[in-house]
Amino acid sequence: MSPRDALWWMTFLVVGIWMQLLLPGIDALVIGLIIALQEGRLTRLLWLLPTIILLQEGMGTLAFGSTLLWYGATIALFYMGRWLFEVENFVFVFLLSACLGLVHYLISDMMASLQNLELPLRQLMDESILQALFIPPTWRAALELRRRFVPDAHPL
Amino acid sequence: MTPKRVILLLVPILFLYLGLYSWNQRTGTLDRLADNTGLEVVGAVLRPALWAHDRVVTFWDHYINLVGVREDHDRLKAQLEVTSRQLAQYAEDRAELSRLRQLLTLAPPDDWQAVGARVLASRLGPQGVLDTITIDHGYFTGAAPGTPVATHLGVVGRVLRSGPHTASVLLLVDSGSRVSVISHDNRTQGVLVGGGPGNPLEVRYVAVNAKLDEGEILVTSGLDGAFPKGLPVARVITVTPPDLSMFQGVLAAPLVDFESLEEVLLMQRPPARYALQQAPVHASNGTAQPQTQPAPATQARKPR
């Protein structure tokens, strides 16, 4: 990993956490996972995935485990979508984000039920829709910035 | 990859996940790992952002946005006069309370200490499903899980999870929150339960014949052992007589505005309870002199 690449990822994580401060209930770091999957470098996933899992579990309020399902579902949906679309296709990312919005709702509801927690379902629904709408434009902006800052980062 | 292979791959992953989840539910190891790493890093990342935000807001408020400062000054000056008079009255009441306690040989409430902490954020991340705030204190700095959190207006909640220097606080309004309360005037007891975002709090187990007035302040009863006694918590909004139940339906509103929280107080339980302080009462002015040294432990310790 080049110094520019490392600096980009560090900046991404910091800005992602700040974005989550502004948008409660939204996962901004999943954008990084999607970009890493699109670039297809397994070594990057080996450090990025545990890092964002620990960050999200640390700032979350559910018992450890929901983030594993959330990012596991993201990876599974990504590889399923790869059979049908080009990974940098905007339609692919749009469909992926729509599925992730639904997954966000289902996982939060299921994990809260497992822990005997009552969730405000209306608020959860709003956050799931916002999560689905948040991913495509943010992914596009992050990808453009990455291409300019780290030109040698090639997608699949 | 064939469907059969996918299933063969998914089954061991599912079993591995369930095993990991159950093991963590039993031991809490992964939760502690996440608190000590993820939560701590998030706190470190948020502090500079909060600092920059504060500097900008302070500069704007102190040097640019000065509209209404004169009016504020006059209003605060008048308020200070009223408060000074009230303070003098309260000092007299406090001295009288000390004398009466000595007469009745009652131990004073535990001398809980308050430690200030700053609010870093509200709910964070996709798994932040509970109504919480993140503060810049952790278990090294007085915010162990279970620590009561309050402001000068009233109770905020309790520390839910904590890393070394960052912690999450479960707010009073969360539906999982429970606080044992007593009404200030009528001394009616109940359990205050959070109603979720945007909903009023509910006071449960208020007996059908217990007296409780609308507008009455609820304070912590201290019976749950989690909060010091006497902290204001909420104000009663409605009291509804029951149809069939043995308990009244009571709704209350929190005294603290959770949307505008910036600083909170962490209530620190004293290390040991002290015996009744034998403060001498000066007959001339009626004020009690506080005793700074605790009584010897052999005499002082009381059963918890």
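Biologist: Which residues of chain B does the UniProt annotation "transmembrane region" cover?

Modeller: Residues 6–23 of chain B, according to an unreviewed UniProt entry. Keep in mind that what you're looking at is a predicted model.

Biologist: OK, and how much of that span is helix in the model?

Modeller: 100% of residues 6–23 of chain B is helix, with 0% strand.

Biologist: Let's zoom in on A:Ser97. Which helix is it in?

Modeller: A:Ser97 sits in helix 5 of chain A.

Biologist: Buried or exposed?

Modeller: A:Ser97 counts as buried, because it has 22 C-beta neighbours inside 10 Å.

Biologist: What does A:Ser97 touch, if you skip its neighbours within four places in sequence?

Modeller: A:Ala132, A:Ile135 and A:Pro136. A:Ile135 is 38 residues away from A:Ser97 along the chain, yet their C-alpha atoms are separated by 5.9 Å.

Biologist: Switching topic: how many residues of each chain are in contact with the other?

Modeller: 33 residues of chain A contact 35 residues of chain B. On the chain A side, helix 1 (3–22), helix 3 (42–59), helix 4 (66–82) and helix 5 (90–114) are the elements giving two or more residues. Helix 3 of chain A has the largest share, with six residues.

Biologist: What kinds of residues make up that side of chain A?

Modeller: The side of chain A that touches chain B has 18 nonpolar residues, 12 polar and three charged.

Biologist: Now chain B. How many helices and strands does it have?

Modeller: Chain B has four helices and 12 strands. Of its 304 residues, 28% count as buried.

Biologist: Which domains is chain B divided into?

Modeller: Domain 1 (3–64), domain 2 (69–108) and domain 3 (178–255). The centres of domain 2 and domain 3 of chain B, taken over C-alpha atoms, are separated by 26 Å.

Biologist: How do strands 7 and 8 of chain B run where they're joined?

Modeller: Strand 7 (residues 189–193) and strand 8 (residues 201–207) of chain B run antiparallel, joined by three bridges. Strand 8 of chain B also pairs with strand 11 (residues 247–254) of chain B, again antiparallel, over five bridges.

Biologist: Which residues stand opposite B:Val203 in those strands?

Modeller: B:Leu192 stands opposite B:Val203, and in strand 11 of chain B the bridge partner of B:Val203 is B:Val250.

Biologist: Last one: which residues touch the most other members of the largest nonpolar core?

Modeller: A:Leu33, B:Val156, B:Val169, B:Leu192, B:Leu218 and B:Val233, out of 82 residues in that core. Domain 1 and domain 3 of chain B both give residues to this core, so it lies between them.

Biologist: And what does B:Leu218 touch, leaving out residues up to four places away in sequence?

Modeller: Among its contacts are B:Leu192, B:Val203 and B:Val233. B:Leu218 also touches B:Val181, B:Ser183 and B:Ala252.

Methods:
Residues numbered from 1 in each chain as written. Chains lettered and ligands numbered in written order. Predicted model: local features only at pLDDT ≥ 70, side-chain atom pairs only at ≥ 80, totals over all residues. Pairing = 2+ DSSP bridges. UniProt positions renumbered as here; feature names shortened; annotations may be inferred. Contact = placed C-beta atoms within 7 Å. Nonpolar A, V, L, I, M, F, W, Y, C, P; charged D, E, K, R; others polar. Core = buried A, V, L, I, M, F, W, Y, C linked by C-beta atoms within 7 Å. Buried ≥ 20, exposed ≤ 12 C-beta atoms within 10 Å, placed from the backbone. Domains from an automatic or database assignment.
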